[in-house]
Amino acid sequence: MLSNGHPHAAWAHCSFGLLCLLQVFFKEANVKQIDVPTLTGAFGILPAHVPTLQVLRPGVVTVFNDDGSSTKYFVSSGSVTVNADSSVQLLAEEAVPLDSLDLAAAKANLEKAQSELGGISDEAARAGVLISIEANEAIVKALE
Amino acid sequence: MFARTNNCMTFLTIVFFFFFLSPVTIRLKSIKNIQKITKSMKMVAAAKYSRAERSLKPARVYGTGAMALYEKAEIKAPEDKNKHLIIGVSSDRGLCGAIHSSVSKAIKSEIAKLSGAGKEVMIVNVGDKLRGLLYRTHGKHILINCKEVGRKPPTFTDASVIATELLDSGYEFDQGSIVYNRFRSVISYKTDAKPLFSLDTVASSENMGIYDDIDADVLRNYQEFALVNIIYFGLKESTTSEQSARMTAMDSASKNASEMIDKLTLTFNRTRQAVITKELIEIISGAAAL
């Protein structure tokens, strides 16, 4: 795979798979660019991106199709793999199209989680509430 | 008075007939009950199977996606590593054909091979039936047992519980495999094994160098997530295979029961007619003697 001497310009698309546990959104689809939110920051993946492995944080994944249109999904967590042959696998634990999320419900959940944070001292429970806050904040930010 | 005596006599004769036939009647009744049970089990298994197969489709794509990294980077464990792990996936319930025994057979032959080469092997049992099959002969290899598997469809949470137990157990395995029943079609499944790699094996594999910007933390998170994915994939495939196998097993059990019922009904009727004929002959010859 690495030694076949293909010039990088020959790759015009990424072969992209966006998979969550309950649904397959994309499978070996040819797309131009994918923006992903990771633990080390958000970055965009273009064809011939250097191979890497990243872990996702709650946030928005934007997929730019060949015809220029883009679709957004919200992912809860998971991993993304970019291989040397420009194939990208985005394995999300949960992924939903952005327009199926409700801003008011997200804000309400965020406030509830923030108020819960004050009353918990147990480490593990605190971590759970912090995760919930982070996820809800990301949803709110994405929808606004 | 004669009429009443007559009725009494007829009643007693009929009771006498059934007493005489009772072994056949009892057998017939019990087989009919069993047939009802196997028929209903088959329908329940059919319903669970169609649900499992529907959720298997995305799970399969997900599982192959999770393992794509290991295949594309051609990660192989070095030959001299000693600690192996086998995760065997079955369930708690029986009456599903050869599901549990095929997984147990595959695990036993794998242990024999690895022990022969001097490696240390530990097993994780997912499902009580597998524990029952393995603990007598290979009890000292068992690391973790999981119960309450197979009643409800497996979820990602179940897989992550298993993975957490495994990682918390402190057994530092170098490589391993998950043995499960891969679903091929309604009437066929195949026992298969997929490889698992530990953090060290992946990190030190030669092709990993091409992957940019990876620090130990990211790799550990990625590995743990991939482990849960593979376990989830094995669970889903196994459940689908098990339900389809139970469906076929109960179907053939119902058919066998029907055959037995037909044969027994014939015997019952023949015996009944023979007894009546005998009684009639006795009555007639008795009347003739008068």
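Predicted model: local features only at pLDDT ≥ 70, side-chain atom pairs only at ≥ 80, totals over all residues.
# Chatting about chains A and B

Me: Okay, and how many residues does helix α4 of chain B have?
Reply: Helix α4 of chain B has 13 residues, running over residues 156-168. From its first C-alpha to its last it reaches 18 Å, which is close to the 18 Å expected at 1.5 Å a residue.

Me: Which residues in α4(B) are buried?
Reply: The buried ones are B:F156, B:A159, B:I162, B:A163 and B:L166. Looking down the axis of α4(B), these buried residues fall within an arc of 125°, so they line one face of the helix.

Me: Which exposed residues does the face turned away from that buried side carry?
Reply: That face of α4(B) carries B:T157 and B:D168, both exposed.

Me: And what covers the buried residues of α4(B)?
Reply: The cover includes three strands of chain B, β1 (83-89), β2 (120-126) and β3 (142-146). Helix α6 (216-289) of chain B is also part of the cover.

Me: What about helix α3 of chain B, which residues are buried there?
Reply: In α3 (residues 128-138), B:L130, B:L134 and B:H138 are buried. They cover an arc of only 10° around the axis, which puts them on the same side of α3(B). Their cover includes β1, α2 (99-116), β2 and β3 of chain B.

Me: Let's zoom out. How many helices and strands does chain B have?
Reply: Chain B has 6 helices and 5 strands. Starting at the N terminus, the elements run α-β-α-β-α-β-α-β-β-α-α.

Me: What is the radius of gyration of chain B, next to that of a compact globule of 290 residues?
Reply: Chain B has 30 Å, whereas a compact globule of 290 residues would be near 19 Å. The C-alpha trace of chain B spans about 110 × 40 × 25 Å along its principal axes.

Me: How much of chain B counts as buried?
Reply: Of its 290 residues, 42% count as buried. Chain B exposes about 16200 Å², and carbon and sulfur atoms supply 60% of that.

Me: Now chain A. Is A:F74 buried or exposed?
Reply: A:F74 counts as buried, at 6% relative accessibility. The cut-off for buried is under 20%. A:F74 is found in strand β6 (residues 70-75) of chain A.

Me: What does A:F74 touch?
Reply: Not counting residues up to four places away in sequence, A:F74 touches several residues, among them A:P58, A:V60, A:V96, A:L101 and A:I139. A:F74 and A:V61 are 13 residues apart in sequence and 6.1 Å apart in space, C-alpha to C-alpha.

Me: Last topic: how many residues of chain A are in contact with chain B?
Reply: 29 residues of chain A are in contact with 22 residues of chain B. The two chains bury about 2200 Å² between them, 71% of it on carbon and sulfur atoms.

Me: Which three residues supply more than any other three of the area that chain A buries against chain B?
Reply: They are A:L21, A:L53 and A:L91, which supply 30% of the area that chain A buries against chain B.

Key:
Residues numbered from 1 in each chain as written. Chains lettered and ligands numbered in written order. Heavy atoms only, no water. Helix = DSSP H or I, 4+ residues; strand = E, 2+ residues; numbered from the N terminus. Expected span 1.5 Å × (residues − 1). Buried < 20%, exposed > 50% of the residue type's maximum accessible area, 1.4 Å probe, protein only. Arc of directions from axis to C-beta. Contact = heavy atoms within 4.5 Å. Rg over C-alpha atoms; globule rule 2.2 N^0.38 Å. Areas by Shrake-Rupley, 256 points an atom, 1.4 Å probe, with all protein chains shown as cover. Buried area = accessible area lost by both parts, 1.4 Å probe.
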